[in-house]
Amino acid sequence: MVNYKVADESLAEKGKEALYIAESKMPVTAKVIRERFAKEKPLKGITIAGCLHITKETANLARTLKAGGADVYLCGSNPLSTQDDVAAALVQEDINVFAWHGNTDEEFYWCIRECLKANPNVLIDDGADMIVTAHKEFPELIQNGTIIACQEETTTGVKRFKAMDKQGALKVPLFPVNDARCKNQFDNELGTGQGIVAAIYGMHVLFAGKNVIVAGFGHCSSGMALRARGLGANVIVTEIDPIKALQAKFAGYQVMPISEALPIADIILTATGCKHVILPTKENFDALKDGVILGNLGHFDIEIPTKEIYEYAKEIKPIRQNVEELIFPDGKRIYLLAKGRLANLVLSEGHPAEVMDMSFSLQSLMSEYIVKNKEKLRPGMIDIPSEIDDEVGFLKLQSLGVEIDKLTDEQYKYIHGYEEGT
Ligand SMILES: NC(=O)c1ccc[n+]([C@@H]2O[C@H](COP(=O)([O-])OP(=O)(O)OC[C@H]3O[C@@H](n4cnc5c(N)ncnc54)[C@H](O)[C@@H]3O)[C@@H](O)[C@H]2O)c1
């Protein structure tokens with residue numbers, strides 16, 4: 001029996017089309033690993049709960065885990081990123097889903113609890129909300145060993161778990177999948193980079209000739225800066241880390257404090273994992289230009305001070321789904337994308353399936369690794385084994401028909417030795 005609550009089951013046929021297209025772009029997750037899992041059933045008897053963006057790519061991860069023998073429960077990791085057609089299609093694939101677009105905070109946590117009530121053995125989180133809820137409200141799942149280990153998909157979640165671990169509050173083995181080379185160097189940089197186009201598409205503006213402020217020069221934001229420049233924008237980077245700021249400067253971007261950038265910005269895009277990247281002051285709000293577009297691609301809706309901007313506006317006009325025109329007291333118009341939430345996921349469909357293939361191959365292989373190694377795992381942060389990272393890299397190359405060199409024994413000895421010099 002499948003347990004679920006979705007917006008509209010009649011959307012399943014449309015969702016199936018999306019799953020099919022994504023499947024063809026995810027040859028490693030949806031073919032190579034899925035076919036092996038279907039034969040070997042490495043996840044037999046295991047329940048996996050994922051708190052993830054409910055997209056066609058996540059759907060293909062769920063199908064692969066199911067092919068491996070797992071019972072899969074899913075809920076959304078963001079109130080606005082669930083694709084209702086995909087959620088409906090998943091129910092028909094016998095995946096337990098509790099997710100719909102536009103749920104309230106209370107409903108969001110209800111969905112998480114429904115997944116945790118299934119007594120999952122492996123948790124896959126995106127932003128840490130499910131695993132933190134397990135610690136607070138379902139401690140017995142941790143104490144009695146039901147939860148074997150957990151995985152975290154995004155930078156913000158990893159930061160939260162590192163803080164928990166430091167304070168001795170992390171009671172489960174936690175694999176930060178986000179930090180694998182096959183994840184953040186591709187999903188974050190390429191996916192979020194290209195995501196700026198998807199986020200802003202419906203605003204009918206050209207990037208060319210615009211002053212685009214990119215807050216941060218990390219994995220996501222450096223990719224966003226690169227793509228905005230490629231589209232002809234004059235990109236200005238703001239940072240708090242001196243090395244990242246230098247990297248941006250030497251990559252040819254203007255670098256300045258955000259307070260200096262605000263008055264000249266046509267488009268402001270954030271992806272820092274920080275709070276109040278634009279400090280919520282009257283001076284900052286008054287400094288914004290008429291017509292400026294504000295978009296966030298970081299995990300939470302507090303990078304742009306959304307709540308304070310809503311309070312400051314004298315009028316809020318929805319101009320299309322999840323885009324609002326805010327009229328400030330001086331009559332100035334500000335365009336806020338996706339209510340300050342992940343604009344690439346809310347206003348479009350998130351990362352291309354081709355790049356999610358790598359992230360979700362990692363999640364699939366890590367689920368298998370957790371089950372195989374359950375006796376050895378201890379609470380705390382554990383690095384992704386480099387052989388799994390490499391395996392995903394090789395499988396992806398293979399799917400692209402790309403071959404690479406192999407070290408000879410002599411080369412291996414040389415790069416691992418110290419004796420040969422001048
Ligand atoms: N939209 C998506 O689809 C998507 C995908 C992956 C990650 N994310 C999220 O994007 C955010 C960034 O992730 P990342 O992997 O790029 O992290 P990262 O740590 O690689 O980069 C963040 C950068 O922001 C800088 N920064 C921090 N506070 C700042 C501030 N106040 N002003 C300017 N710069 C500041 C940091 O110094 C760092 O260089 C996280 O919240 C992550 O969870 C979103």
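How many residues of domain 1 are in contact with residues of domain 2? In this predicted model, 4 residues of domain 1 are in contact with 4 residues of domain 2. On the side of domain 1 that touches domain 2, the residues by class are 1 nonpolar, 2 polar and 1 charged.

In soluble globular proteins, nonpolar side chains tend to be buried together. The largest nonpolar core of this model has 77 residues, and within that core L74, A99 and L362 touch the most other members. The element that gives the most to this core is helix α16, residues 353–372, which supplies 11 residues. Apart from this core lies another, of 48 residues, including I213, A248, Y253 and I278.

The next feature to follow is an open sheet of 8 strands with mixed pairing, whose order is β10-β9-β8-β11-β12-β15-β14-β13. At its edges stand β10 (254–255) and β13 (315–320), and each has a single partner strand, so one side of each is left without a neighbour in the sheet.

Further inside the order, strand β11 (residues 267–270) pairs with strand β12 (residues 293–296) in the parallel sense over 4 bridges, and I268 stands opposite L294 in β12. Helix α9, residues 181–200, lies across β11, β12 and β15 (333–337), and runs at about 130° to β12.

Moving along to β13, the reader finds this strand running antiparallel to strand β14 (residues 323–327), with 5 bridges joining the two; here the bridge partner of K317 is E325 in β14. These two strands form a hairpin with 2 residues between them, and N322, in the turn, has a positive phi of about 65°. β14 also pairs with β15, again in the antiparallel sense and over 5 bridges, where L326 has I334 in β15 as its bridge partner. The hairpin of β14 and β15 has 5 residues between the strands, and in this hairpin G331 takes a positive phi near 95°.

Notes:
Residues numbered from 1 in each chain as written. Predicted model: local features only at pLDDT ≥ 70, side-chain atom pairs only at ≥ 80, totals over all residues. Core = buried A, V, L, I, M, F, W, Y, C linked by C-beta atoms within 7 Å. Buried ≥ 20, exposed ≤ 12 C-beta atoms within 10 Å, placed from the backbone. Contact = placed C-beta atoms within 7 Å. Nonpolar A, V, L, I, M, F, W, Y, C, P; charged D, E, K, R; others polar. Pairing = 2+ DSSP bridges. Axes fitted to C-alpha atoms, helices over the stretch in contact; angles between N-to-C directions.
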